Amino acid sequence: MELREIMTEMDFVVTEEMSMNKAMELMYQKKWNLLPVTDEKRLPVGVFTRSSLYRMISDGCPLSTSIEKYINRHVETIEIHTPFEQIETRVKSSKVGTGVVLNDDGTVAGILTKTDMVMSLFKSVNSLQTVKALKKTLETTLKYAYDGIIMADEKERIQMVSPPFLDLFNLQEDELLNKPVDKVLPKIDLKNVYKTQTAEVSDMMEINGINYIVQRIPILEDGKVIGAIGKVMFRQLNEVSELFKKLQRAESKASFYHQQYNEAESARFTWEHIWSVNTYMEKLKSSAAKAAKGRSTVLIRGESGTGKELFAHALHNSSARSKGKFVIVNCAAIPEELLESEFFGYEEGAFTGARQKGKIGKFDLANGGTLFLDEIGDMSVALQAKLLRVLQEREFYRVGGTKKIHVDVRIVAATNRDLEEMVKNGTFREDLYYRLNVISLQVPPLRERREDIPYLTQKLTEELNKMLGTTITGMEKDTKDALFHYHWPGNVRELKNILERAMTFAEHGKIQLEDLPDYMLKALPEKRQDRSISLVENAELETIKKALSEMNGNKAKAARMLGISRSGLYEKIRKYQLQ
């Protein structure tokens, strides 16, 4: 067995100039305990370890700080052509968990961990049950392993476990050996890799105040799982867990938006997602649910941000077409010259820049399902005529095509425009208006159902806590009053945006009045506005008093402390009539 087969190759470069932030990200991504540091020729100059990272954090280093001063210049290296027997001996006697592997020219090739050694030994046998000659070596490796390691056979029974693992979970070896791994150690959750045959890494977990991560690794031979390894990383992990949590929150938010993107052609919401305690809204949902059972076109009307798209999703999900596609076209977002090709697709060579094999349109995609036309009032008159033809005859031609395409699509449209006025002005076809307005649903603005504001605030806070990784438990009474009395021109969408901003800036577990945006506070009714301004002024007054007190009345020093000019401070003193 060659060392190259055992080691973990290094496919990146770490130099002395690398920032603490970049080094931390690499450790997190690679799940390595140390990073080999090289010069411009990839020759080793030292290692940057988790201990080094912890020292930088303890020293209060900014994330942009170079790692140069925290590099351990002592490097334990292994030549890439070292015989396997020597590697085995060195692993047993080494006091560190990882060695740096060098190429023949002295450059860094990768790293060799004790876990790599364990993995290689397992790959060299046909089955975990046949491990005999290597058992003593494996036991020795496990004994000196830096992290906790547990191994199970093809029957999911524990065969080996390392002392650090037993120490972490406060267990005895005889409590685990030959026991089903999912019964005695459900938190390790090795069972899943037997099914997926794919390695995975757990979220951050905790036991007795110690943070740890489990790396689950299936052992495969000829496409069959013959065992699994659970590597528990916990050494010094608790010291940097706060930094990792920040990354996890960012990943959580990115994952949320990625999921939304992947579900773009499927209806994500049902009637349960339309949160309301308003009587009219409940009747509207009931009427919409009845309309969903038929085939008629539905027109959803209401101001921007009221939740028209939620109604469209729920209509599709409660209809007989729920297993079909739910395709959205925002008529206001697509340039007019591209809207026809988006709707109907085009044939090969239909116009300059067209794809060689042509493209199918939204009507094709929605065949057998629902096509949601958002902002229908922004469609050009020319395209309105073609849309009317499809609605009437259920067929169309692709751009540049001569063959009729037959489709079975249900249309749900939405608009915040006054279609009746547009019909009078000639900017919206009257015949299309009557074709779309078979069943009309009018979603009321948020200011007309103010009893929904507290309920929506509670539900949105719960949802945003999960998305943002925040722990907001509520809001102060004056903040609730401000939300209740605001006129909400952007409706529920604006409420969600304001809550997301407030929850991001909140520092006390509850949203304060000062966490709300200034434009909202200024737009409140006069009595509310005065109270909001007085709160800000009181905070400013107390800050000035504190600065003057700490500087023993020295106005120049107080001004510097407050970050304002001396004349600015004198103006504030006159304003608040301070002596």
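**Chatting about two helices and a serine**

Biologist: Hi! Where does Ser318 sit?
Modeller: Keep in mind that this is a predicted model. Ser318 lies in the loop between α12 (308-317) and β14 (326-330).

Biologist: Is Ser318 buried or exposed there?
Modeller: Ser318 counts as buried, because its relative accessibility is 17% and the cut-off for buried is under 20%.

Biologist: Which residues does Ser318 touch, leaving out those up to four places away in sequence?
Modeller: Those are Trp271, Ala292 and Lys293.

Biologist: And what lies 2.9 Å from a polar atom of its side chain?
Modeller: That's the backbone oxygen of Ala314. Ala314 is one of the buried residues of α12.

Biologist: Oh, how many residues of α12 are buried?
Modeller: 7 of its 10, so the helix is mostly covered.

Biologist: What covers them?
Modeller: The cover includes the helix α11 (279-292) and several strands, among them β13 (298-301), β14 and β15 (370-374).

Biologist: New topic! At what angle do α2 and α3 pack?
Modeller: Helix α2 (residues 20-30) and helix α3 (residues 50-58) pack at about 140°, and their axes are 11 Å apart. That angle makes α2 oblique to α3. The crossing is left-handed.

Biologist: Which residues meet there?
Modeller: From α2 come Met20, Met24 and Met27, and they meet Arg50, Leu53, Met56 and Ile57 in α3. By type, the contact has 6 nonpolar residues, no polar ones and 1 charged.

Notes
Residues are numbered from 1 along each chain as its sequence is written. This is a predicted model: local features need pLDDT of at least 70, side-chain atom pairs count only at pLDDT 80 or more; totals for chains, interfaces and linings use all residues. Side-chain values use heavy atoms; hydrogens and water are left out. Axes are lines fitted to C-alpha atoms, for helices over the stretch in contact, and angles run from 0 to 180 degrees between N-to-C directions. Helices (H or I, at least four residues) and strands (E, at least two) are DSSP runs, numbered from the N terminus. Angles under 35 degrees count as roughly parallel, over 145 as roughly antiparallel, 65 to 115 as roughly perpendicular and the rest as oblique. A crossing is left-handed if the near helix is turned anticlockwise from the far one by less than a right angle, and right-handed if clockwise. Contact means heavy atoms within 4.5 Å. Ala, Val, Leu, Ile, Met, Phe, Trp, Tyr, Cys and Pro count as nonpolar, Asp, Glu, Lys and Arg as charged, and the others, Gly among them, as polar. Buried means under 20% relative accessible area, exposed over 50%, partly exposed in between (1.4 Å probe, protein chains only). A polar contact is a pair of N or O atoms within 3.5 Å; within protein, one must be able to donate a hydrogen and the other to accept it, and residues adjacent in sequence count only if both atoms are side-chain atoms.
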